[in-house]
Amino acid sequence: MAKPVTQFVCSACGATHKKWSGRCDACGEWNTISEEAPLSAGPGKAALGAAKGRRIGLSDLRTEEEPPPRKTSGIAEFDRVLGGGLVPASATLVGGDPGIGKSTLLLQAAASFARAGAKVIYVSGEEATAQVRMRAQRLGLADSAVMLGAETNLRDILTTLEAETPDLAIIDSVQTMWLDTVEAAPGSVSQVRASAHELTSFAKRRGVAVMLVGHVTKEGQIAGPRVVEHMVDTVLYFEGERGHQFRILRSVKNRFGPADEIGVFEMTGAGLAEVANPSALFLSDRETPAPGATVFAGIEGTRPVLVEIQALVAPSSLSQPRRAVVGWDGGRLSMILAVLEARAGISFAGLDVYLNIAGGIRISEPAADLAVAAALLSAREDVALPHDCVVFGELSLSGALRPVSQAENRLKEAAKLGFSSAIAPAGCKIGSGGGVRVQAMADLPAFVGEVFGAG
Ligand code: TYD
Ligand code: MG
């Protein structure tokens with residue numbers, strides 16, 4: 001038998017290398033490669049050719065089977081992000097920064113599923129059962145029928161789950177789990193990958209829904225390999241700013257429902273509370289019309305959400321002016337500044353630019369382009385936009401405004417929150433638009449001329 005060769009694995013992307021190096025060729029990250037024992041020796045190529053495999057059963061696509069009934073927890077925000085409830089035999093990864101509230105959320109979800117009649121096992125590898133119980137007491141869940149375990153040895157956990165076959169098993173967190181068959185420390189790429197693999201195949205084999213908690217690195221990756229994301233059916237991120245009470249649960253991958261769906265929660269002294277109408281909350285502390293602030297009518301998943309975009313533009317003392325962004329993509333900001341300069345002749349040279357999405361939400365929709373441009377212009381010209389006006393539209397490099405999807409839903413949400421006018425790209429399907437007066441713009445120069453009276 002060939003002697004097992006050690007391999008070198010990148011903790012950022014999971015690529016394996018034969019030799020150690022300071023920089024990973026696959027993803028370009030520095031200092032992420034470490035030595036690890038291989039997963040298993042496995043049969044060589046010759047063995048695969050010689051020993052024939054078993055024939056697998058094949059079928060056609062005309063299935064008669066009913067889709068499996070989903071289990072709902074009763075926490076509407078949580079169920080919606082899952083695509084309408086929990087699918088049996090599914091594997092879900094819940095990622096997020098340490099301390100953001102993953103354990104709190106999953107303990108609350110576990111209790112709700114248990115209350116709805118499901119058999120739920122919660123295994124913590126990070127806290128002792130007494131600690132979890134104390135948290136449950138604080139959340140007012142002490143009387144729920146969730147079964148608790150504190151363990152990190154995955155072999156013991158799997159044996160227990162086999163024997164109990166619950167409807168839902170929660171593993172908090174996958175980074176603390178270890179398999180005695182893998183020669184690497186808990187939290188290492190091979191351990192995380194092997195643990196996640198064992199748990200997902202257990203889910204499929206025994207029809208148990210499994211939820212894994214995963215910590216995220218500073219760069220926004222599930223610590224350890226991206227491979228875990230490929231293994232599971234659903235990937236949810238729990239995100240939010242530490243200083244803000246809002247928390248957003250976002251599905252970034254879902255084999256059983258729409259991706260990009262969000263659920264909004266508020267962290268209170270007694271755990272996470274659902275926020276049924278996020279727009280009202282994100283806009284609730286809006287001050288009187290101020291230069292630099294615009295309201296963007298966005299869509300998150302299937303739901304319209306209004307958020308305030310704030311910009312500040314100030315003379316810079318630096319040779320390379322500052323561009324600081326919170327809640328939006330910095331590259332996209334540079335692009336919009338360049339389009340404003342090239343297509344509308346408005347330069348931000350020598351000016352520091354700060355952009356903030358209020359409420360701690362992160363926006364990735366290109367439809368926010370026009371609202372960002374409006375906030376930047378409003379800050380630079382020191383002219384406030386009308387207080388009752390929402391803005392949306394995608395900006396192309398030519399300066400043209402592109403129509404965006406679901407314009408009618410955006411307008412209806414705006415109408416519901418008391419806005420009466422909107423600035424939107426020409427060519428959007430707006431239907432009745434909820435009664436909102438729409439100013440349709442073809443391109444950036446038209447928008448600048450119309451709203452700020454300059455060309
Ligand atoms: P936790 O769920 O332990 O985070 P994670 O599992 O993602 O690491 O949440 C910890 C934070 O949540 C902690 O800083 C305190 C706060 N918290 C509340 O504000 N209210 C509560 O009711 C609970 C249980 C926690
Ligand atoms: Mg935790």
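## Salt bridges and the basis of the model

A salt bridge is taken here as a side-chain nitrogen of Lys or Arg within 4 Å of a carboxyl oxygen of Asp or Glu. By this rule the side chains of Glu261 and Arg80 meet in a salt bridge, with a distance of 4.0 Å from N to O, and the count of salt bridges comes to 18. Side chains of opposite charge can pair when their charged atoms come close.

The model is predicted, so that local features need a pLDDT of at least 70 and side-chain atom pairs count only at pLDDT 80 or more, whereas totals for chains, interfaces and linings use all residues. Residues are numbered from 1 along each chain as its sequence is written, chains are lettered from A and ligands numbered from 1 in the order in which they are written, and side-chain values use heavy atoms, with hydrogens and water left out.

Glu261 counts as buried at 2% relative accessibility, while Arg80, with a relative accessible area of 25%, is partly exposed. In these terms buried means under 20% relative accessible area, exposed over 50%, and partly exposed in between, with a 1.4 Å probe and protein chains only. Glu261 and Arg80 also belong to a network of salt bridges that links Glu77, Arg80, Glu261 and Arg303.

Arg303 lies in strand β14 (residues 303–315) and is buried, with a relative accessible area of 11%. Not counting residues up to four places away in sequence, Arg303 touches Glu77, Arg80, Glu261, Ile262, Gly263, Val264, Val275, Ala276, Pro278 and Gly298, where contact means heavy atoms within 4.5 Å. A polar atom of the side chain of Arg303 lies 3.2 Å from the backbone oxygen of Ile262.

## Arg250 and its two partners

Arg250 is buried, with a relative accessible area of 7%, and its side chain meets that of Glu239 in a salt bridge of 3.0 Å, N to O. Glu239 sits in strand β9 (residues 234–239) and Arg250 in strand β10, 11 residues apart, and the pair links distant parts of the chain. Glu239 counts as partly exposed at 22% relative accessibility.

The side chains of Arg250 and Glu300 meet in a salt bridge as well, at 2.8 Å from N to O. Because Arg250 lies in strand β10 and Glu300 in strand β13 (residues 293–300), this pair ties together parts that are 50 residues apart in sequence. Glu300 counts as buried, at 8% relative accessibility.

## The shell around ligand 1

Ligand 1 is surrounded by 16 residues, the closest of which are Gly99, Lys102, Ser103, Thr104 and Gly271; a residue is near a molecule if one of its heavy atoms lies within 4 Å of it. The shell divides into five nonpolar, seven polar and four charged residues, with Ala, Val, Leu, Ile, Met, Phe, Trp, Tyr, Cys and Pro counted as nonpolar, Asp, Glu, Lys and Arg as charged, and the others, Gly among them, as polar.

An oxygen atom of ligand 1 is 2.7 Å from a polar backbone atom of Gly99, and a backbone N or O atom of Ile100 lies 3.4 Å from an oxygen atom of the ligand. For Ser103, a polar side-chain atom lies 2.6 Å from an oxygen atom of ligand 1. The protein covers 74% of the 560 Å² of accessible area that ligand 1 has on its own, as given by the Shrake-Rupley method with a 1.4 Å probe. The elements that give two or more residues to the shell are α3 (102–115), α4 (129–138) and β11 (262–268), and α3 gives the most, with three residues.

## Backbone exceptions

Most residues other than glycine have a negative phi, and most peptide bonds are trans. The peptide bond from Asp172 to Ser173 is cis, with omega near 0°, and Ser173 is placed in the loop between β7 (168–172) and α6 (189–206).

Ala89, in the loop between α2 and β4 (91–96), has a positive phi, near 65°. Gln406 likewise has a positive phi, near 55°; Gln406 lies in the loop between β19 (401–402) and α11 (407–416) and is partly exposed, with a relative accessible area of 33%.

Methods. Helix = DSSP H or I, 4+ residues; strand = E, 2+ residues; numbered from the N terminus. Polar contact = N/O pair within 3.5 Å; in protein donor to acceptor, adjacent residues only side chain to side chain.
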